[in-house]
Amino acid sequence: MVRRVLVTGAHGFIGKNLVVRLRETGLFSITEFVRGDDISALPDLLASVDKVVHLAGENRPNDERLFAEVNTGLTEAICAAIRASGRQIPIVLASSAQAVQDNAYGRSKLNAEQAVLELSEQTGNPATIFRLPGVFGKWCRPNYNSVVATFCHNIARGLPIRIDNPETRLRLVYVDDVVTAIIGAIEVSPKGAEHGAVAPDYTITLGELAAQITAFEASRETLVTERVGTGLTRALYSTYLSNLATERFSYDIPQHTDPRGVFVEVMKTPDCGQFSFLSAPPGVTRGGHYHHTKAEKFLVVQGDALFRFRNILTDERFELRVSGDMARVVETIPGWSHDITNVGDQMMIVMLWANEIFDRTRPDTISSGV
């Protein structure tokens, strides 16, 4: 069954992310209410939907009176239209953690919550209220939605950032997690009103945030990637990337060329080695050394390769032929000298992983014939 959902603020930061995700499922019919639309249209819009996700709001108006007019006034108008419809139309409200603060923005959000709670208390209309801390992620506007977006945008462009107190602690949630929580609230409406929660919830200082985003930028030069696979660092990295200008979607890395072919270090990690690739023309042999501890994995992606191994103590020898047509990893073994020869008639291209970053002061690479 297709669920019919009205999304206010559909063109805003969270709204864009939510609408995309809802459409991806194929389970929702979406009606949008965006900045500039007439509040008088709400009754007709509500007549054609089953749920409301109310995201619209003012964050940084030129006139503080707009906080009350939009954040509170629009919410009250939606609640009045639901009440007048005579139907129960579950509503999900995006409020703010600042609703507990005594300022114009916080009061406007608290009053919006109160309007939704009163509707629920008086009519039993289901309601879920999310008091969101700082939300960040793709499509977040710099200098408006989030300091994360501002730092990502500026650092990615070599622009200065401002930090008044690096120890200031931020509480953050990632937009993908916010959207997941909202969709969960749409799919399972509560009885009455409840407060929703977004998980995980992160904390970081301004100084730590700036240092982390700066490290993302620096990794394009050092080739040493940050640990971007999980948690807050993963989410921050995605946000940093989404702020890159199109001319920076790619970047050059050093290429070492000699008569044997090319060798290119692609990416390095703090504790899991590095990724590279090499090439060799027909008949060329590369390698001819052994390692005491270093481990490597080779994957031939083009051409025909002959790997030769020799145990440096026993002189035992072993050969292995591998083609780019095969998905086979060849490992180098500590204490075994090894080389690789292009035995085909086209350029050989080989991917390479080593379990440690190459250290010229301690290379653990000892020349030895095979």
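Buried means under 20% relative accessible area, exposed over 50%, and partly exposed in between, using a 1.4 Å probe and protein chains only. This is a predicted model, so local features need pLDDT of at least 70 and side-chain atom pairs count only at pLDDT 80 or more, while totals for chains, interfaces and linings use all residues. Residues are numbered from 1 along each chain as its sequence is written, and side-chain values use heavy atoms, with hydrogens and water left out.

**View 1. Leu223 and Asp364 have positive phi without being glycines.** Leu223 has a phi of about 70° and is found in the loop between helix H7 (206-222) and helix H8 (231-242). Helices (H or I, at least four residues) and strands (E, at least two) are DSSP runs, numbered from the N terminus. Leu223 is buried, at a relative accessible area of 6%. For Asp364, phi is about 50°; this residue sits in the loop between strand E19 (348-354) and strand E20 (366-367), and is buried too, at 16%.

**View 2. A cis peptide bond links Ala199 to Pro200.** Omega is near 0° here. Look for Pro200 in the loop between strand E8 (193-196) and strand E9 (202-205).

**View 3. Six strands make an open sheet with parallel pairing.** The order is E2-E1-E3-E4-E5-E8, where two strands pair if DSSP finds at least two bridges between them. At the edges are strand E2 (28-33) and E8, each pairing on one side only. Ignoring direction, neighbouring strands are turned by 20° against each other on average; axes are lines fitted to C-alpha atoms, for helices over the stretch in contact, and angles run from 0 to 180 degrees between N-to-C directions. Zoom in on strand E4 (residues 91-96) and strand E5 (residues 127-132), and you get six bridges in the parallel sense, with Val92 opposite Thr128 in E5.

**View 4. Helix H1 (residues 13-25) packs on that sheet.** H1 touches strand E1 (3-8), E2, strand E3 (51-54) and E5, contact being heavy atoms within 4.5 Å. The direction of H1 makes about 155° with that of E2. Helix H6 (residues 175-187) lies across E1, E2, E3, E4 and E5, at about 170° to E5.

**View 5. Helix H5 (residues 147-155) packs with H7.** Their angle is about 35° and their axes are 10 Å apart. Among the residues that meet are Phe151 and Ile155 in H5, and Leu209 and Ile213 in H7.
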